[in-house]
Amino acid sequence: MVDTTFTQPAQTGARPDGLRGVATDWASDQRAFKNVSWGKAMMWIFLLSDTFIFGCFLLSYMTARMSTAVPWPNPSEVFGLHIGGVSVPLLLIAIMTFVLISSSGTMAMAVNFGYRRERRKTALLMLATALLGATFVSMQAFEWTKLISEGVRPWGNPWGAEQFGATFFMITGFHGTHVTIGVIFLIIIARKVLRGDYDVERRGFFTSRKGNYESVEIMGLYWHFVDLVWVFIFAFFYLW
Amino acid sequence: MVDVTPDAASPVPPAEVAEVELYHPHSWWTKYVFSQDAKVIAIQYSATALGIGFVALVLSWLIRLQLGFPGTFDFITPEAYYQFITMHGMIMVIYLLTALFLGGFGNYLIPLMVGARDMVFPYVNMLSYWIYLLAVLVLVSSFFAPGGPTGAGWTLYPPQAIMTGTPGGQDWGIVLMLSSLILFVIGFTMGGLNYVVTVLQGRTRGMTLMRLPLTVWGIFTATVMALLAFPALFVACVMMLLDRVLGTSFFMPAIIEMGEQLQHGGGSPILFQHLFWFFGHPEVYIVALPAFGIVSDLISTHARKNIFGYRMMVWAIVVIGALSFVVWAHHMYVSGMHPYFGFFFATTTLIIAIPTAIKVYNWVLTLWRGDIHLTVPMLFALAFIVTFVNGGLTGLFLGNVVVDVPLSDTMFVVAHFHMVMGVAPIIVIFGAIYHWYPKITGRMLNEAMGQFHFWVTFLGAYLIFFPMHYLGLMGVPRRYNELGDMALLSESAHQLNAFISIMAFIVGFAQLVFLFNLIWSIRHGREAGGNPWRATTLEWQTPQTPPAHGNFGKELPVVYRWAYDYSVPGAKEDFIPQNEPPSAYAASRGAV
């Protein structure tokens, strides 16, 4: 009678596929996501939370744009570049987007080489990613400068609804901050890779936790997320 | 290191992850101040939250001084009154309740209850507390800033929140308030990620999700909700800060102030309300769900009976958490939004009554024919059920559009939310402190002082908030610093207000007894031993009390059963700890 409430937990070993496997994992002890480390789980959940932040920003922008009583500035004119007297719409943004998407490519390669423990290649690819990220931020700074010199301010602009400048600076600024933080951490982790910290499982300066090459992948998750968010900002700001 | 060799006969799978070495503090500073031990962080969180909570208590006295005896106290100007109610509300909801339940109880109980050595990322966890403390300090600093704290009401509705007429609107008050909230969200996120990952990925052997104590389920679900709801508050604060500092117009429509056209135009105040309540409604349940969980464990332990319908209790928590994200606009029935929205949100709001009622019935059915010990924690748990049902029933009134519209912005609303998310969760906090204090300090809280504290608080809270419903039905508006000669109010309304105020002072002073008890019992309380309540959950099975760094000594406990094996027929004792092996298995290994 004593053991009436005792139930057999899910046995490890061969786990079933598909939905059944998910149910088995969630019914089991210790970990709900098997083979997912703490750090990776934490990054995924943080990104989910961050998604809600960007979601709220973009929804607020859409609300402002849809409910405005004055005309919204025409994006293909506002964001166009004049090159040799010809107005090319979205040229800068196209390049910026290309650069950022490419940086996701180098990041993915860095993750791959990280797991093969090819220190030099991993570090160089991460630095390349950081460089592309920095290029992106620089071009964004250029774009801001151009818009500001044309009279766009958070509280107004020459062409129409004043929410244009406000939402634009706020959302691209928030995204740019994410990219900048990413660049900083890319450099930090690239340095650790180059120094061989992850081969000897050297302990982190602050956390005193042993490091390993998974950090590269977790860094990659963040970087791809920042990239993905840009796709939405691009679509909603420049293509709408 | 745990024994990872698989034991063929063992009913529990082997360990999947090798243990992570803990950070060992080297100095007094890293052991007690910049500690990475979740238990120390929990105490820091709790002490800070209770400290700022006492500020909120004093503010509530000032509010009641003015409402009970209008015109008597010159220093409570209308501006000061608005500052008091704003800061009282904000402190109670965010800096006390959220921080205490998640930062305090979450940090202390999650690792102990799931059988972990610590949170998964202790360093981030430590940062979480220090950023929270910074947020509190920024909040407190607004009391000393030019113009004083903001008086915009705890909901901070624009446009008034950042205009000249509102205290702190064009001074420092609102800027410090918004900055403090932004810091709070950042700090909370760091802690919250830890709590979620620890529950999902850091449990001990044998601890399945469906063996977690309901306390952990409540805190876990609330944390997930907070991680999804606080972003809306964060965004709303950033945008309002920009409106105030940079002169943008996210929330500011074209508006004329004192005969002058302001430099704003085209913004939507309703957008703020949507963002705010997308955070604000889940926030109610962020506070309530940990209370639900804790109270389930208190009732089960002190009634010596397993919780009735454990699975339903878990699912009810999850369903309430999910539903609370689709009801936010019931706070906005009078905001001028489309009436069809009201219909939708009234429906979803009333649906929440179903899982909530399941929980209430299950608590009552747990008590039914239980061996009820009327200890102080149990008294608080019982008081919670009653109070929560009371507050919940007035929620049905306010959830319906046609009833809400006339009651909106009356004292009825004040009475409702104080009952359901003020008194009810705080009563659980008290119960929980009486329950876990012996584990935290090794000594019991004084019983006599506890009984006194309970009866004065419980009865007093009713004497405060019951009459408020009546005042609200008569039409007494909230947020008015004095009623003056309103024709619709009888003399009795004023007398009732004075009565409420006197009760508020009495209940407030009872909290000082509680505070004294907390301090006095650290040295003079009765020795508690490791498991004074004879409870089953893992935190009571630690080798040391208070638990040492790393919680469980050399080997982590292995869990063989759920958390509610009380009064099992045929068992030697009336409780079986979660880490006690089933008898057949124990016999096979030669253990008793």
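Chain A contains seven helices and two strands, where helices (H or I, at least four residues) and strands (E, at least two) are DSSP runs numbered from the N terminus. Read from the N terminus, its elements follow the order α-α-α-β-β-α-α-α-α. The radius of gyration of chain A, taken over C-alpha atoms, is 23 Å, well over the 18 Å that the globule rule (2.2 Å times the number of residues to the power 0.38) gives for 240 residues, so chain A is more spread out than a compact globule. Its C-alpha trace spans about 80 × 50 × 35 Å along the principal axes.

This is a predicted model, in which local features need pLDDT of at least 70 and side-chain atom pairs count only at pLDDT 80 or more, while totals for chains, interfaces and linings use all residues. Residues are numbered from 1 along each chain as its sequence is written, and chains are lettered from A and ligands numbered from 1 in the order in which they are written.

Chain A is divided into domain 1 (1–35) and domain 2 (38–239), with bounds that come from an automatic or database domain assignment, and the C-alpha centres of these two domains lie 39 Å apart. An unreviewed UniProt entry annotates residues 41–61, 81–101, 122–144, 164–189 and 219–239 of chain A as "transmembrane region"; such annotations, given here in the numbering used for the model and with shortened feature names, may be inferred rather than shown by experiment. In the model, residues 164–189 of chain A are 100% helix, with end C-alpha atoms 37 Å apart, and residues 219–239 of chain A are also 100% helix, with end C-alpha atoms 29 Å apart.

Turning to the partner chain, the mean pLDDT of chain B (the predictor's confidence in each residue, from 0 to 100) is 93. Over residues 1–6 of chain B, however, pLDDT stays under 50, and where pLDDT is low, the predicted coordinates should not be read in detail. Within helix 3 (residues 78–114) of chain B sits Ile94(B), which is buried because 26 other C-beta atoms lie within 10 Å, the cut-off for buried being 20 or more, with C-beta atoms placed from the backbone (12 or fewer is exposed, and in between is partly exposed).

Where the chains meet, 51 residues of chain B are in contact with 45 residues of chain A, contact requiring C-beta atoms, placed from the backbone, within 7 Å. Helix 6 of chain B contributes the most to the side of chain B that touches chain A, with eight residues.

Key. Two residues are in contact if their C-beta atoms, placed from the backbone, lie within 7 Å.
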